Amino acid sequence: MTSVSPAVTAVRSGAEQATGRVRKRLSGRVASAVAIVIAVLWTTPTFGLFLSSLRPEDQIKTTGWWSFFSDPQLTLENYQEVLFGTSSSSGKMASFLINSIVITIPSVLFPLAFAAFAAYALAWVPFRGRNWVYIGIFALQVVPMQMALVPLLSFFSEGVSVFGLQLMPAWELEGPARFAQVWFAHTCFALPLGVFLLHNFMSELPGELIEAARVDGATHGRIFRRVVLPLVAPALATFGIFQFLWVWNDLLVALIFAGGTPDSAPMTVRLAQMAGTRGNEWQRLTAGAFVSLVIPLIVFLSMQRYFVRGLLAGSVKG
Amino acid sequence: MNLDFDFAAEQPKLLQLLYGVVAFCAVVALLLLLLDRAPMRQKARLHIAILLAPALLLLTIGLIVPAVRTTLLSFMSGDGASWVGLDNYVWMFTQPEAVTVLRNTLIWVALVPVLVTTVGLLYAVLVDRSRFESVAKSLVFLPMAISFVGAGIIWKFVYAYRPEESEQIGLLNQIVVALGGTPQQWLLDPPVNTLFLIVVMVWIQAGFATVVLSAAIKGIPAEIVEAARLDGATPVQMFFRVTLPSIRSAVLVVLVTQSIGTLKLFDIVRTMTGGQFDTSVIANEMYNQAFRYGETGKGAALAVFLFVLVTPIVVYQIRQRREAVR
């Protein structure tokens with residue numbers, strides 16, 4: 001509320017102008033104050049956690065983090081212990097951090113590629129029944145993944161059998177190979193939204209561009225690579241960052257498909273375990289939680305533009 | 001403290017990651033190669049098959065078939081051996097522990113979308129065009145990047161309880177004590193504890209509402225705002241007569257999205273209370289029944305009920321989106 005056109009100001013009488021200005025300034029100040037209160041309120045819990053994670057263990061357990069300001073003592077010991085400590089209670093978070101990375105990278109790449117292929121076909125390769133396929137994939141967004149968890153797990157552990165006839169063997173994955181299950185599950189669950197989002201962007205590309213390439217004799221592979229992909233790069237970035245945050249922060253899929261051991265479980269699973277069984281070991285919980293926050297925060301801050309664009313395009317996974 | 005972290009033991013995982021990435025590159029390269037080789041005019045079907053097959057195959061294996069099987073399982077006994085008709089659904093709506101779960105979910109869905117929208121709208125209006133707008137929005141937006149598990153821990157720390165005679169380490173109890181009250185175990189007493197869990201969800205999602213609504217507010221045509229101001233509208237009138245009606249569809253988007261997210265909520269409850277003390281919700285109970293108690297039938301029934309609850313909202317959302325696209 002800053003710009004008032006000069007003509008309007010000139011017409012107003014002096015007194016009116018003065019009260020108006022005072023009121024505006026007052027409401028502006030109140031508004032700013034409320035906004036600042038909300039911002040502080042929103043930031044304090046995270047700040048408290050961060051500060052606590054840097055305080056010595058005996059202090060975290062006996063005094064609040066605000067007493068840091070009267071008795072400042074900082075240490076990195078909590079991080080050392082939670083990341084690299086090898087006693088069973090210490091967290092071993094470094095191992096889970098690696099698991100998180102191993103889970104996340106392919107779980108972002110696969111759906112990105114498959115969704116892009118499918119979206120291209122649905123947008124630019126005309127065929128009979130195309131609309132129905134699109135609507136079908138689109139409608140799958142309704143299905144909550146809870147609907148798929150039990151059968152998908154048995155698909156991995158028992159294979160497929162119809163009336164006693166074994167059509168597909170169990171995957172029987174052990175050790176690090178279990179990651180493949182998690183990649184598979186994340187890829188399946190990401191596709192409906194991914195196809196929808198990328199199709200939205202691809203179908204808005206100018207048709208002449210694709211037609212021109214086609215007339216020049218380019219194959220679909222070439223059009224896809226050289227024309228479409230570069231133009232929808234921002235959409236790929238948007239979907240990529242969504243999927244990254246989703247997978248990195250996911251607990252449910254990981255609990256079911258990755259198990260709970262340092263062999264394959266990601267950090268979220270470990271943190272949930274620690275919050276449950278050692279709910280009062282705050283020195284480890286705070287440091288561990290902060291380790292898990294840092295990477296998505298960095299990605300998020302550096303790619304906020306794409307994230308916001310995606311939000312506004314309605315790409316929120318339900 | 002023993003810090004002999006065994007890095008060598010981590011190598012197989014990284015090798016597995018390498019396999020995964022190599023497999024990814026190989027699959028993509030193969031698909032592209034097939035596309036290039038298949039002649040353009042004659043074999044359109046081949047192109048379509050190559051492009052669509054991976055997605056359709058995965059959707060069939062990963063979503064469609066499992067969803068059908070879950071629906072069937074919901075009419076079967078816990079071990080999936082015999083048909084039990086509607087028993088699982090009867091259990092869901094009659095047994096006290098299951099009814100509590102439904103009641104909690106209802107509380108969540110009734111409160112979260114409204115609270116998130118209110119806070120987001122208030123904040124978006126207040127910081128609109130102020131000097132520190134972008135920083136302010138980022139601060140409220142940041143929790144969006146944090147996992148629900150992380151947020152659960154952050155807030156568990158805020159709610160931490162120490163007996164009255166010792167010093168408090170949780171911020172909320174410290175404030176209560178400073179105001180002369182006695183410290184409480186916030187997460188133990190139903191039904192209030194659910195409200196304290198809801199605060200966490202609102203804290204995470206308010207940034208989403210702020211961003212969406214703020215963008216909508218900026219989209220209001222300047223002439224309308226100017227005209228209202230010329231007519232001498234007070235800020236309050238301005239908000240209710242101009243701003244709110246103009247961003248109605250964005251408000252609906254937020255309400256709808258939040259309703260869906262809230263219905264499926266799992267992580268916060270699981271991290272903060274594990275569903276104990278009467279705080280469980282549908283998604284959490286579904287996990288417990290199906291994966292901890294081995295009651296597949298009951299878990300499946302809960303999943304189907306969740307699907308039934310979500311469907312009308314998603315259908316509505318899709319309609320909205322389509323209109324927005326047009």
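**Chatting through a two-chain model**

Me: Hi! How many residues of chain A are in contact with chain B?
Reply: Hello! In this predicted model, 98 residues of chain A are in contact with 95 residues of chain B.

Me: Which helix of chain A gives the most to that side?
Reply: That would be helix α5, residues 93-124 of chain A, which gives 16 residues to the side touching chain B.

Me: And what about the classes of residue there?
Reply: The side of chain A that touches chain B has 65 nonpolar residues, 30 polar ones and 3 charged ones.

Me: Switching to annotations, where does UniProt put the transmembrane regions of chain A?
Reply: An unreviewed UniProt entry places the feature "transmembrane region" at residues 30-51, 96-125, 132-157, 177-198, 227-248 and 282-301 of chain A.

Me: OK, chain B now. What domains is it divided into?
Reply: Domain 1 covers 7-73, and domain 2 is made of 87-150 + 190-325. Taken over C-alpha atoms, the centres of the two domains of chain B are 34 Å apart.

Me: I'm curious about helix α8 of chain B. What span should its residues give?
Reply: Helix α8 of chain B (residues 192-218) has 27 residues, so at 1.5 Å a residue it should span 39 Å. Its end C-alpha atoms are 38 Å apart, which agrees.

Me: Where does α8(B) bend?
Reply: At B:Gln205, by about 35°.

Me: Is it mostly covered or mostly exposed?
Reply: Mostly covered: 21 of the 27 residues of α8(B) are buried.

Me: Next, B:Gln317. Which helix does it lie in?
Reply: B:Gln317 lies in helix α14 of chain B, residues 296-325.

Me: Why does B:Gln317 count as buried?
Reply: Because 23 other C-beta atoms lie within 10 Å of B:Gln317, and the cut-off for buried is 20 or more. The C-alpha atoms of B:Gln317 and B:Val256 are separated by 6.6 Å, although the two are 61 residues apart along the chain.

Me: Last one: where is A:Asp250 found?
Reply: A:Asp250 is in the loop between α11 (233-249) and α12 (252-257) of chain A. A:Asp250 is buried, with 28 other C-beta atoms within 10 Å.

Me: How far apart are A:Asp250 and A:Arg305 in space?
Reply: They are 22 Å apart, C-alpha to C-alpha, and 55 residues apart in sequence.

Definitions and conventions:
Residues numbered from 1 in each chain as written. Chains lettered and ligands numbered in written order. Predicted model: local features only at pLDDT ≥ 70, side-chain atom pairs only at ≥ 80, totals over all residues. UniProt positions renumbered as here; feature names shortened; annotations may be inferred. Contact = placed C-beta atoms within 7 Å. Helix = DSSP H or I, 4+ residues; strand = E, 2+ residues; numbered from the N terminus. Nonpolar A, V, L, I, M, F, W, Y, C, P; charged D, E, K, R; others polar. Domains from an automatic or database assignment. Expected span 1.5 Å × (residues − 1). Bend = angle between axes of the 7 residues up to and from the residue. Buried ≥ 20, exposed ≤ 12 C-beta atoms within 10 Å, placed from the backbone.
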